[in-house]
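Dear colleague,

Please find the structure below, together with its sequence.

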Amino acid sequence: MAAIPATARPPAATRRPMSRRSKQLLMAAPMVLLLVTFLVYPSAQLFLLSFQRGDGFSLENYQRLLGTPVYLTVMMLTLKISVVTTIFAVIAGYPVAYLISILPRATKGRILFWILLSFWTSFLVRAFAWIILLGRNGVVNQLLQTLGITDAPVALMYNFPAVVIGMVHALLPLAVLTMLSVMENIDRNLTRAASTLGAKPGMAFWKVYFPLSFPGVTSGALMVFVTAIGFFIFPALLGGRRETMITQIIIEQIIQTMNWGFAAAVAVLLLVVVLLVFVIYDRAVGLSTVTGEARATARRRGKGIFSQVGDAILTGLGHGSDAIIGLFPRRRQAREGAPRPLTAFVVALLAVMTLPVLLMIPLSFADSGLNWPPQGFTLRWYEQIFNSPIWMSALTRSLVVGLCTATLALLIGTPVAFLMVRGRMRGKTALLAFTLMPVVMPNMILSVGLFYLYARIGLVGTNLGLIIGHTVIAVPYVVLTVMSVLRNYDSRLDLAAQSLGATPWVTLRLVTLPIIGAGMISAFLFAFTISFDELTIALFTSGGVSATLPKQLWDEVSLSISPLLAAVSTCLFLFVTVLIVLAGLLNRRQK
Amino acid sequence: MTRPIMPGIKRRTLLLGAAAGLAAPAIWRPSGARAQTSRIVVRDDGGIYTQAYTEVFYRPFTEATGIQIVPAQAQAEPTAQIRSMVETRTYTWDMGKISVPAVLQLTSGDTKYLEPVGLEAEDVIQSIPQQYRNDYQVGTNVYTTVLAYRRDAFGGREAPASWADLMNPEQFPGRRALRRHPYDTLEQALMADGVAPGDVYPLDIDRAFSVLDRVQPATDIWWTSGAQAEQLLISGEVDLISTWVSRAQSAQAAGAPVEIVWNQNIWGCDGWSILAGTPNADACRELIKFASDPARMAQLVEFFPAGIVQPAAFEQIPEDVARSCPTYPENIATGLQIDAAYWLEQADPVIERFNTWFIG
């Protein structure tokens, strides 16, 4: 409770628990209120439908769900795709996050830029970019044939690897940013101390650095997993017969057959599975990674079977990597900065990540057809965008909604994160599960629920309605990001500041916030990007009179595929570039 | 399919309605006051539709009557939205262009979520063939599913000309794509197996799946969205595909060497419907009459090869353009109309069976 300590005079000992509880309530209240009103209430109304047949209570939907093998099969396929995606995203993301965390400020900004760049490209555009890259006559196949590696086109798409590639690509930035927010706060002197005490680099990494970064790994994995499990664009566009995900079934039930009851039942299945995953995660990894407090108890236990096994594995890894490092000739002694192989790996990875975005630039000048190689040269797609008030107003609206959403989500989510990490209270796990509900809930269900609610309170087609809806789905990301930062933040710094006479507000402003600032910024960016790329809520609740950028893109695609898509993507690319360069310049001026 | 979508809301609406009734006698205003309409919100499909309808229907209508039209777009089948608006009496839209299955969904139960159009007596409506309209809807656009193929893949050999050819990989080898959905696909399978268009409904499901069993190993891609189907044609990823004609035409417009086979096309109709209870129903009826004028409909082809429902409109459309319209007499004559009532009843079990079969 050091973050926002008791104000004014120290309260009497007898009153303390009372005041603490009311403060905790106050910190959680805005988020709980938001989620209850705009998530629980509307979706509860829809979920009631899953128990309804005719006028009475019925389990018919569930009998069908569990009695027909296809739904459980699809659920298993969904889990398989999500788990594989999570593993790859975390493994690939870890070195990137690590590198960024040890780089000097200027270089750090540059790499973050490339990460954010692909994060800012709409899912829809990215999916089509992969189609152009991996298709039978796509870029990769053309390259392979030109180089004489293959004679005929190879099947790169409509299979499991293609879906995983698309999804890892889509979720890698999420993994990197989550892990980064933890790594930024790891004291590098600890690794140095280990080296001084004789640990070789591999051992120092696995036994000292890695355990410290582990909360980032697990919370990154959790975020990637729960996001992946709700995906539908990538399996639909890049997958084959066995790459069907459960959200596709939900959407099919809603859009094609309009069978809400059954759609709701399928959504309940998805929720149950996710909750189950939470329980398993809790048992296996321990809550240690989710609430900092539990980690302390885990450490105190110390001799638990999991920690013993884990310790043995880490020691093994340490020996192993030292052995591998030993195979290479010794280079110049202890160069400060990033090891070269790591840099090479990260640069290669970033190149692959950026490829789909860069691909859109030449395509945007093509005469017609979104196809490789681009045919002809024209500026007419750009003219079309800039001469169209529809595109300009969509862009403005997306920016306004995104900025408001990010601000609101940060204001609502940060106190909850403080509460979760610092507060001593029961029911933290429950609060966390509650916080994560919007991530787990299929956006389709949320959107329709919101539409029903908005129709009654007159929020359909308003910016406010969009902002509220987007804040609901962005808040969990903010809470998790800020939490993972706080978990590694030494709260004794606050106590020190206060013992030196700083008021709680001054402590927060001059000590806490500057230290967790990087994490707050990435939380803000998360929230902004989620809103900026959000389609489902916009489809349902914008009522059509006013569109956001993703919805305008969707309308465009639902009509025809043209290089206009690439032109919009390129404009966004330039826009983000300018924004980030400006931010960098401002940053430099400040110093 | 007759159950109310959200019983909870209905009860609530009743209470709200009762409260409002006590509090606001203005609600019982006579219908004469409704003539005061100054603005109606019309749902359409967005994109080129909004563009074309604004030029051809909405703006001229505003000039003629002074009533503003606000075009609105939403999810493909907005039945949930319409139910919610009618139940809560909050009319975000007054009328919309929706599909026949949506109309059936909204009117087959005890509660009618759409207003009877009631324009049958009007000449401009009577000249629209009966197959394009019903009590709750006046047709305005026909969409259709066709077989499309890449000319370059069939250079120097016989090109496919029917669903039977699409489903015959031995005689017509090539990469092929089908829609990953039983709608249209089962109809195609049956016609491929020799079922006459008139006998397709009710579908012989077992027979259709046995055809799909045969063709499945040779089917490279099962598409899920129109954009994807179009991209498959443009990039040459597939040689032959069953898809919506608008997508094949977009691929043609993008320069792809694509040929369209109209034979055995499978069509359905979208039309104007009015939300039950909207205070602006009369203005909506005026717009429907206005938009049904053959001369005005003919102007739509300046924007896209529209599925024009007024036969008289073709007198004003150049022959080469008219041939691309789904309702061009020769095209519609060889077509099969989707049986929306059949699908309304059978969608659930058939989709389930399709999904089970699909995952294999």
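How many Å separate the centres of domain 1 of chain B and domain 2 of chain B, taken over C-alpha atoms? The separation is 29 Å. The model is a predicted one, in which local features need pLDDT of at least 70 and side-chain atom pairs count only at pLDDT 80 or more, while totals for chains, interfaces and linings use all residues. Residues are numbered from 1 along each chain as its sequence is written, and chains are lettered from A and ligands numbered from 1 in the order in which they are written.

Domains of chain B

Domain 1 of chain B comprises 34-141 + 269-324, and domain 2 comprises 143-268 + 338-359; such bounds come from an automatic or database domain assignment. Between them, twelve residues of domain 1 are in contact with seven residues of domain 2 (contact: C-beta atoms, placed from the backbone, within 7 Å). On the domain 1 side, helix H4 (100-107) and strand S10 of chain B each supply at least two residues. H4 of chain B gives the most, with four residues. Helices (H or I, at least four residues) and strands (E, at least two) are DSSP runs, numbered from the N terminus. By class, this side of domain 1 has five nonpolar, six polar and one charged residues (nonpolar: Ala, Val, Leu, Ile, Met, Phe, Trp, Tyr, Cys and Pro; charged: Asp, Glu, Lys and Arg; polar: the others, Gly among them).

Backbone features

Most residues other than glycine have a negative phi, and most peptide bonds are trans.

- B:Gln264, in strand S10 (residues 258-275) of chain B, has a positive phi of about 65 degrees although it is not a glycine. B:Gln264 is buried, with 22 C-beta neighbours inside 10 Å (buried: 20 or more other C-beta atoms within 10 Å of the residue's own; exposed: 12 or fewer; partly exposed: in between; C-beta atoms are placed from the backbone).
- B:Arg89, also not a glycine, has a positive phi of about 55 degrees. B:Arg89 is in the loop between helix H3 (79-88) and strand S3 (95-99) of chain B, and is partly exposed, with 18 other C-beta atoms within 10 Å.
- B:Tyr201 and B:Pro202 are joined by a cis peptide bond, with omega about -10 degrees. B:Pro202 is placed in the loop between helix H7 (182-192) and helix H8 (205-215) of chain B.
- In chain A, a cis peptide bond with omega about -5 degrees links A:Trp372 to A:Pro373. The loop between helix H15 (340-363) and helix H16 (380-386) of chain A holds A:Pro373.

With kind regards

Notes
Two residues are in contact if their C-beta atoms, placed from the backbone, lie within 7 Å.
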